[in-house]
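Me: I am new to this structure and would like a short walk through it. Could you take me through the main points, please?
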Amino acid sequence: MTDNIETAIFAGGCFWCMVQPFDSLPGIEKVRSGYTGGHTENPTYEDVLSHTTGHTEAVKIWFDPAIMSYEELVSIYWEQTDPTDSMGQFQDRGDNYRPVIYVADEQQRQIAEKSKAALAASGRFDEPIVTTIESAKPFYEAEEYHQDFYKKDPNREALAMRQRAAFQADKWGK
């Protein structure tokens with residue numbers, strides 16, 4: 001990795017479904033699944049599923065801003081989620097699947113807020129945009145079997161992506 005690498009953290013439902021859209025883009029150095037936003041240190045998958053940790057499943061993305069800007073990443077993020085659903089994403093229900101943009105600093109916050117306002121004003125969605133923008137908290141990497149899941153178990157990943165893909169086709173024409 002180069003010296004100019006920055007990070008972005010996004011929660012948008014099951015982290016399995018959030019890795020692949022970012023993983024192979026130019027300027028992306030690494031994408032890892034994990035947990036963030038809660039109050040429990042070093043949570044496990046089972047801890048987070050218990051809904052007692054306050055954590056969301058999220059991805060942390062290491063990127064070179066000279067190649068891929070944070071603004072571009074936020075735009076890609078919107079297309080992976082249902083920003084009108086505060087209690088989960090698609091088949092994944094519960095607070096641990098809520099959509100959140102975790103910002104590292106004031107510059108990221110301003111970019112995310114501006115992007116959210118533009119999406120709300122676009123008329124693309126009939127419901128309010130409820131994705132929250134929160135300050136980044138410690139990010140705990142998920143267990144290794146969750147990393148790069150779309151490569152390890154593509155059939156299961158395809159099943160998990162079915163509702164998300166239908167939504168993307170409807171809202172984004174993808």
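Reply: One term is needed at the outset: a residue is called buried when its relative accessible area is under 20%. Please also note that this is a predicted model.

Me: Are Phe15 and Tyr45 buried or exposed?
Reply: Phe15 is buried, and Tyr45 is buried as well.

Me: How are the rings of Phe15 and Tyr45 arranged?
Reply: Their centres are 6.4 Å apart and their planes meet at 35 degrees, so the pair is tilted. The pair links distant parts of the chain, 30 residues apart: Phe15 is in the loop between β1 and α1 (16-23), and Tyr45 is in helix α2 (residues 45-49).

Me: How many aromatic pairs are there?
Reply: The count comes to 10 aromatic pairs. One of them joins Phe10 and Tyr70, with 6.3 Å from centre to centre and 25 degrees between the planes, and this pair is stacked.

Me: Where do Phe10 and Tyr70 lie in the chain?
Reply: Phe10 belongs to strand β1 and Tyr70 to helix α3 (residues 70-78), 60 residues apart. Both Phe10 and Tyr70 are buried.

Me: Which residues form the aromatic cluster?
Reply: One cluster is formed by Phe10, Phe22, Phe63, Tyr70, Tyr77 and Trp78.

Me: Changing topic, in what order do the strands of the sheet come?
Reply: Six strands make up an open sheet with mixed pairing, in the order β7-β6-β1-β3-β2-β8. At the edges are β7 (132-135) and β8 (140-141), each of which pairs on one side only.

Me: What packs on that sheet?
Reply: Helix α4 (residues 106-121) does, touching β1 (6-11), β6 (100-103) and β7. The direction of α4 makes about 175 degrees with that of β7.

Me: How many bridges join β1 to β3?
Reply: Five bridges join β1 to β3 (residues 56-63), and these two strands run antiparallel. Within this pairing, Thr7 has Trp62 of β3 as its bridge partner.

Me: And what about β1 and β6?
Reply: Those strands also run antiparallel, joined by three bridges. Here Ile9 has Tyr102 in β6 as its bridge partner.

Me: How do β2 and β8 pair?
Reply: Strand β2 (residues 28-36) pairs with β8 in the antiparallel sense, over two bridges. Tyr35 stands opposite Tyr140 in β8.

Me: One last point: what lies over the face of Trp62?
Reply: Lys30 does, at 4.2 Å from the ring centre. Trp62 is also the bridge partner of Thr7 mentioned above.

Notes
Residues are numbered from 1 along each chain as its sequence is written. This is a predicted model: local features need pLDDT of at least 70, side-chain atom pairs count only at pLDDT 80 or more; totals for chains, interfaces and linings use all residues. Side-chain values use heavy atoms; hydrogens and water are left out. Two strands pair if DSSP finds at least two bridges between them. Helices (H or I, at least four residues) and strands (E, at least two) are DSSP runs, numbered from the N terminus. Contact means heavy atoms within 4.5 Å. Axes are lines fitted to C-alpha atoms, for helices over the stretch in contact, and angles run from 0 to 180 degrees between N-to-C directions. Rings of Phe, Tyr and Trp (its six-membered ring) pair if their centres lie within 6.5 Å; planes under 30 degrees apart count as stacked, over 60 as edge-to-face and the rest as tilted. Buried means under 20% relative accessible area, exposed over 50%, partly exposed in between (1.4 Å probe, protein chains only). A charge sits over a ring if NZ of Lys or CZ of Arg is within 6 Å of the ring centre and within 35 degrees of the ring normal.
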